[in-house]
Amino acid sequence: MQNAKDTFYITLRNRLTTVNPDRTMSLRAVMRPGILVEEAETPVAELPLDVFVLRWTKLAVDTQLPLILMQMTCEIHYVTVGTQGNAGLDRGRALEAMDDELLQLLCPASAIKMNYTQTPAAQMGTSIFWSQAILAPATTVRERIGRVATVNVFAFQEQGEQ
Amino acid sequence: MSWDTSTQNFDDHALRMANALLRANGGTTASLQMPPAAGDTTDAGQLGLNAPNFQSLPLSPAVFRRLRPTMSEGQPAKYELLISGVAVQATVSELQLSSADALFSMAAGVAVGGKLFLIEAVSVSESLGAVFMYRLLLRESTSEWQMQQGQ
């Protein structure tokens with residue numbers, strides 16, 4: 001299960017470097033693509049701006065198959081205030097740009113599962129795949145506008161995998 | 001439209017007074033939990049596999065106090081940390097950061113008295129345009145980890 005979550009994040013992060021190489025952030029003294037796993041970073045009072053934040057929520061298991069099929073729900077949160085040059089009046093456009101980027105990141109909707117606990121990462125025997133994103137209505141909190149996209153990620157539990 | 005054109009000669013009396021008052025009112029040491037200067041660029045570092053190796057960065061004098069005496073069920077208590085502007089400015093210079101905001105935004109939390117707190121907001125008190133004290137609104141961490149106090 002953890003390998004599937006790790007693979008999903010690394011896949012989206014690597015795709016982001018080609019979809020929009022300018023979407024970067026500085027986190028823990030490292031400049032990196034603007035996407036992070038919430039549970040793998042320090043807790044913060046507010047979501048960072050102009051960054052995709054992956055939050056893992058539901059988990060379902062189907063044991064009626066030769067291999068156990070795990071279904072994990074990933075909420076992708078993102079908020080923006082637009083740009084300073086436009087005094088934030090472009091925040092709707094900035095959100096739309098993030099919507100578009102996210103849809104590109106999620107396509108194609110599969111990736112070979114990797115084990116990142118090893119260095120270098122080891123390729124596993126199955127793939128992970130995911131559903132189309134369900135985009136929730138945009139929410140506005142003061143000058144921030146944001147959205148949550150929900151994706152169901154599926155992965156087979158391989159032998160010996162935790 | 002008009003603006004204040006009067007001459008305002010800055011001197012550091014407010015800085016020194018804040019320092020003295022913070023020291024006199026139970027001055028303690030607060031330790032910012034800072035990431036190492038050379039960050040972890042590996043995949044494992046972004047997946048929660050590698051330890052972040054946060055370093056304690058002591059700031060003093062500081063005054064730490066609870067914001068409200070009553071506590072609500074399920075709500076972590078909130079605290080206020082007043083830190084001397086002198087200490088913060090010295091640290092900002094030492095780490096070659098652009099501002100105190102950058103310093104506090106990099107911090108993963110603050111340890112006071114062996115307990116970890118998360119920074120919710122930062123505000124400042126100024127005199128003649130110079131910051132003499134920083135006020136951090138803190139939320140008690142629910143992790144209950146015992147933190148090492150910075151030297």
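Modeller: One definition to start: two residues are in contact if their C-beta atoms, placed from the backbone, lie within 7 Å. With that in hand, take the contacts in chain B between residues at least 6 apart in sequence: 64% of them join residues at least 24 apart. Keep in mind that this is a predicted model.

Biologist: And what's that percentage in chain A?
Modeller: In chain A, 52% of the contacts between residues at least 6 apart in sequence join residues at least 24 apart.

Biologist: OK, how confident is the predictor in chain B?
Modeller: The average pLDDT of chain B is 87, and 95% of its residues score at least 70. For the complex, the predictor gives an ipTM of 0.88 and a pTM of 0.88.

Biologist: How many helices and strands are in chain A?
Modeller: Chain A has 2 helices and 10 strands. Reading from the N terminus, the order is α-β-β-β-β-β-α-β-β-β-β-β.

Biologist: What about chain B?
Modeller: Chain B comes to 4 helices and 6 strands. Its order from the N terminus is α-β-α-β-β-α-α-β-β-β.

Biologist: What share of the residues is buried?
Modeller: In chain A, buried residues make up 28% of the 162 residues. In chain B, 25% of the 151 residues count as buried.

Biologist: Let's zoom in on chain A. Where does A:G34 lie?
Modeller: A:G34 is in the loop between strand 2 (30–33) and strand 3 (35–37) of chain A.

Biologist: Is A:G34 buried or exposed, and why?
Modeller: A:G34 counts as buried because it has 22 C-beta neighbours inside 10 Å, and the cut-off for buried is 20 or more.

Biologist: Which residues does A:G34 touch?
Modeller: Leaving out residues up to four places away in sequence, A:G34 touches A:L16, A:R23, A:T24, A:M25, A:D50, A:V51 and A:F52. As for A:D22, it sits 12 residues from A:G34 in sequence, with 8.7 Å between their C-alpha atoms.

Biologist: You mentioned strand 2 of chain A. How does it run relative to strand 1?
Modeller: Strand 1 (residues 24–27) and strand 2 of chain A run antiparallel, joined by 4 bridges. A:T24 stands opposite A:P33 in strand 2. The two strands form a hairpin with 2 residues between them, and A:R28 in the turn has a positive phi of about 45°.

Biologist: New topic: which residues have the most contacts inside the largest nonpolar core?
Modeller: That core has 30 residues, and those with the most contacts inside it are B:A62, B:L81, B:I83, B:V110 and B:L138. Strand 6 (130–140) of chain B gives the largest share of this core, 5 residues. There's also a second, separate core of 29 residues, which includes A:M72, A:C74, A:A94 and A:V151.

Biologist: What does B:V110 touch?
Modeller: Its partners include B:L81 and B:L138, plus B:A30, B:L32 and B:F117.

Biologist: Which residues are buried in helix 3 of chain B?
Modeller: B:G85, B:V86, B:A87 and B:V88 are buried there. What covers the buried residues of that helix includes helix 1, strand 2, strand 3, helix 4 (100–106) and strand 6 of chain B. After helix 3 comes B:Q96, whose phi is positive, near 55°.

Biologist: Last one: how many residues are in contact between the chains?
Modeller: 17 residues of chain B are in contact with 16 residues of chain A. On the chain B side, helix 2 (43–46) and strand 5 (115–127) are the elements that give two or more residues. Helix 2 of chain B gives the most, with 3 residues. By type, the chain B side divides into 9 nonpolar, 5 polar and 3 charged residues.

Notes. Residues numbered from 1 in each chain as written. Chains lettered and ligands numbered in written order. Predicted model: local features only at pLDDT ≥ 70, side-chain atom pairs only at ≥ 80, totals over all residues. Buried ≥ 20, exposed ≤ 12 C-beta atoms within 10 Å, placed from the backbone. Nonpolar A, V, L, I, M, F, W, Y, C, P; charged D, E, K, R; others polar. Pairing = 2+ DSSP bridges. Core = buried A, V, L, I, M, F, W, Y, C linked by C-beta atoms within 7 Å. pLDDT = per-residue confidence, 0-100.
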